Amino acid sequence: MKYSSFFLRTTRDAKEFDSINATLLIKGGFIDQVMSGVYTILPIGLRVLNNIERIVREEMDHLGSELLMPSLSPVELWETTGRTGVDVLFEARGANDASRKRNDGRYILNSTHEEVVTPLAKKNRLSYKDFPFAVYQIQTKFRNEERAKSGLMRGREFRMKDLYSFHTSEEDLLAFYEKAKVAYMNVFTRMGLGQDTKITKASGGDFTTGFSHEFQTICESGEDIIYINKETGEAFNKEVAPAEGDFTQHNASEVGNIFPLNTKFSKAFDYTYTDEQGKQQIVYMGCYGIGTSRLMGVIVEKFHDEKGIIWPKSIAPFTVYLASLNTDDEEIRKQADDVYQELTKAGIETLYDDRNVAPGAKFSDADLLGIPYRVVVSKKTGNQVELKERTQDSSLLLDISSCIDRVKS
RNA sequence: CGGGGCGUCGAAUACCGGCAGUACGCAUGGUUUGGGACCAUGUAGACUGGGUUCAAUUCCCAGCGCCCCGACCA
């Protein structure tokens with residue numbers, strides 16, 4: 001991708017926002033605020049989000065089948081489960097519904113999808129032979145947070161992966177629940193968050209009288225407080241923290257949350273299956289969420305320095321930032337074009353800064369954007385290139401082929 | 001949802017009851033090119049509605065929006 005034709009604009013003098021992720025993502029042109037808690041994901045930001053969601057997909061495909069449910073649903077479904085009173089729900093109606101005297105103009109902008117997925121499953125999974133099964137989606141969710149804040153950490157519209165599992169017994173549900181924990185940790189580990197992400201006991205909230213489990217990433221700007229038992233390593237959300245024991249306290253941000261729903265929604269929708277004896281039995285369900293856009297914010301909070309973002313290689317928007325200096329020199333321009341071709345041919349995703357701007361502007365953009373490798377072509381580099389990692393201060397002068405080998409290794 | 005603050009060129013800010021300023025960006029020309037270069041010229045701005053006043057961007061009221069603190073966060 002050539003910088004000059006990419007829809008990307010960084011700013012030098014953006015003001016400081018209430019969180020590091022908001023400041024760096026806005027300065028770097030990853031996101032643009034449309035209103036409180038609502039952001040456009042700009043092209044370079046979308047590359048990151050897509051990478052995050054690709055990893056989530058790869059892990060979730062082991063658990064269930066991907067589908068896509070709608071953002072809009074009829075309010076009647078929510079009346080069935082009694083969740084219309086939840087105050088984060090956005091209600092929507094057609095602009096002309098009132099004047100047309102229609103009374104079917106009430107919709108919910110879905111904040112989660114139990115109300116959609118349970119009737120769906122009930123349509124075609126009715127025999128014990130059909131169980132267990134699970135479906136998931138990655139989709140935009142709406143929650144009317146009373147106070148949106150901290151950039152991507154707490155928006156009113158955000159991206160989420162939500163998976164729903166269906167079982168013939170509580171034991172089977174719990175077995176799947178443990179498999180989901182493993183898959184979740186794989187996701188966070190692949191993004192560099194494995195060490196600092198704790199499976200945390202939390203309240204079951206509206207869903208269950210028992211515990212749910214949150215995946216909490218220890219993070220200064222996190223909105224939650226968790227306690228970790230020094231002896232056992234067990235983690236607890238503040239809301240369920242036990243009084244006994246020796247604990248360390250941490251700020252943390254919730255990147256995932258899983259609930260054993262048991263029969264809450266199957267009862268509401270009267271979802272039963274036929275067992276081997278021909279009898280009707282109630283279905284057991286679980287739900288499992290990962291906030292993918294929030295993950296993007298948390299990763300920035302975890303991985304940055306005074307110069308900008310430091311993306312983990314697995315989700316970086318590009319692998320290489322290619323900067324050609326001395327762009328008015330025809331020969332160097334041509335050499336940089338060739339290096340760009342070579343990198344691209346080698347399958348390395350490259351942002352080629354071909355702009356006619358001062359070298360410092362290119363270096364600071366490379367740092368701010370957090371791309372893992374920086375490759376420089378200039379009159380100093382001769383017929384070689386200079387390779388520098390984002391995390392290191394020193395650079396190496398290399399032939400293009402050994403540069404490619406290093407980047408790919 | 002309680003409390004507070006703020007709305008000024010594209011973004012950031014300043015001053016002011018009487019011609020709205022700065023540096024950034026953007027445009028044009030020239031000089032530059034290893035850590036956000038420089039010169040010249042140009043470009044563009046007072047959230048909306050009402051009130052007070054000879055005169056309102058400035059003071060008052062309302063609305064809308066944004067931000068911060070707290071509560072909330074299935």
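In the predicted model, strand S21 (residues 373-377) and strand S22 (residues 385-389) are paired in the antiparallel sense, with 4 bridges between them. Within this pair, Val375 has Leu387 of S22 as its bridge partner. On another side of the pairing pattern, S21 is joined to S19 by 5 bridges, and these two strands run parallel. Ser324 stands opposite Val377 of S21. Strands of a sheet pair through backbone hydrogen bonds, and the pairing may be parallel or antiparallel.

These strands belong to an open sheet of 5 strands, arranged in the order S20-S19-S21-S22-S23, with mixed pairing. Its edges are formed by strand S20 (350-353) and strand S23 (395-398), each of which pairs on one side only. Between neighbouring strands of the sheet the average turn is 20°, with direction ignored.

Two helices accompany the sheet. Helix H9 (residues 359-369) packs on the sheet and touches strand S19 (320-324), S20 and S21. The direction of H9 makes about 175° with that of S19. Helix H10 (residues 400-408) lies across S19, S21, S22 and S23, and runs at about 15° to S22.

Strand S21 is mostly covered, as 5 of its 5 residues are buried. In a regular strand, side chains alternate between the two faces of the sheet. In S21, Tyr373, Val375 and Val377 point one way, while Arg374 and Val376 point the other way. Residues of both groups are buried.

A contact between two helices was also examined. The axes of helix H2 (residues 43-60) and helix H7 (residues 292-302) come within 9 Å and cross at roughly 115°. H2 is therefore roughly perpendicular to H7. The crossing of the two helices is right-handed. On the H2 side the contact is made by Val48, Leu49, Ile52, Glu53 and Val56, and on the H7 side by Thr292, Ser293, Leu295 and Met296. By class, the residues of this contact divide into 6 nonpolar, 2 polar and 1 charged.

Several loop residues have backbone geometry of note. Phe131 and Pro132 are joined by a cis peptide bond, for which omega is about -5°. Pro132 is located in the loop between helix H4 (114-124) and strand S7 (133-142). Ser150, in the loop between S7 and strand S8 (157-167), has phi near 55°, a positive value in a residue other than glycine. Ser150 counts as buried because 21 other C-beta atoms lie within 10 Å, the threshold being 20 or more.

Asn326 likewise has a positive phi, of about 50°, although it is not a glycine. This residue lies in the loop between S19 and helix H8 (330-345). With 15 C-beta neighbours inside 10 Å, Asn326 is classed as partly exposed.

For the chain as a whole, 10 helices and 23 strands are found in chain A. The C-alpha trace of chain A spans about 80 × 65 × 40 Å along its principal axes. Of the 409 residues in chain A, 42% are buried. Among contacts in chain A between residues at least 6 apart in sequence, 68% join residues at least 24 apart.

How values were computed: Residues are numbered from 1 along each chain as its sequence is written. Chains are lettered from A and ligands numbered from 1 in the order in which they are written. This is a predicted model: local features need pLDDT of at least 70, side-chain atom pairs count only at pLDDT 80 or more; totals for chains, interfaces and linings use all residues. Two strands pair if DSSP finds at least two bridges between them. Axes are lines fitted to C-alpha atoms, for helices over the stretch in contact, and angles run from 0 to 180 degrees between N-to-C directions. Two residues are in contact if their C-beta atoms, placed from the backbone, lie within 7 Å. Angles under 35 degrees count as roughly parallel, over 145 as roughly antiparallel, 65 to 115 as roughly perpendicular and the rest as oblique. A crossing is left-handed if the near helix is turned anticlockwise from the far one by less than a right angle, and right-handed if clockwise. Ala, Val, Leu, Ile, Met, Phe, Trp, Tyr, Cys and Pro count as nonpolar, Asp, Glu, Lys and Arg as charged, and the others, Gly among them, as polar. A residue is buried if 20 or more other C-beta atoms lie within 10 Å of its own, exposed if 12 or fewer, and partly exposed in between; C-beta atoms are placed from the backbone.
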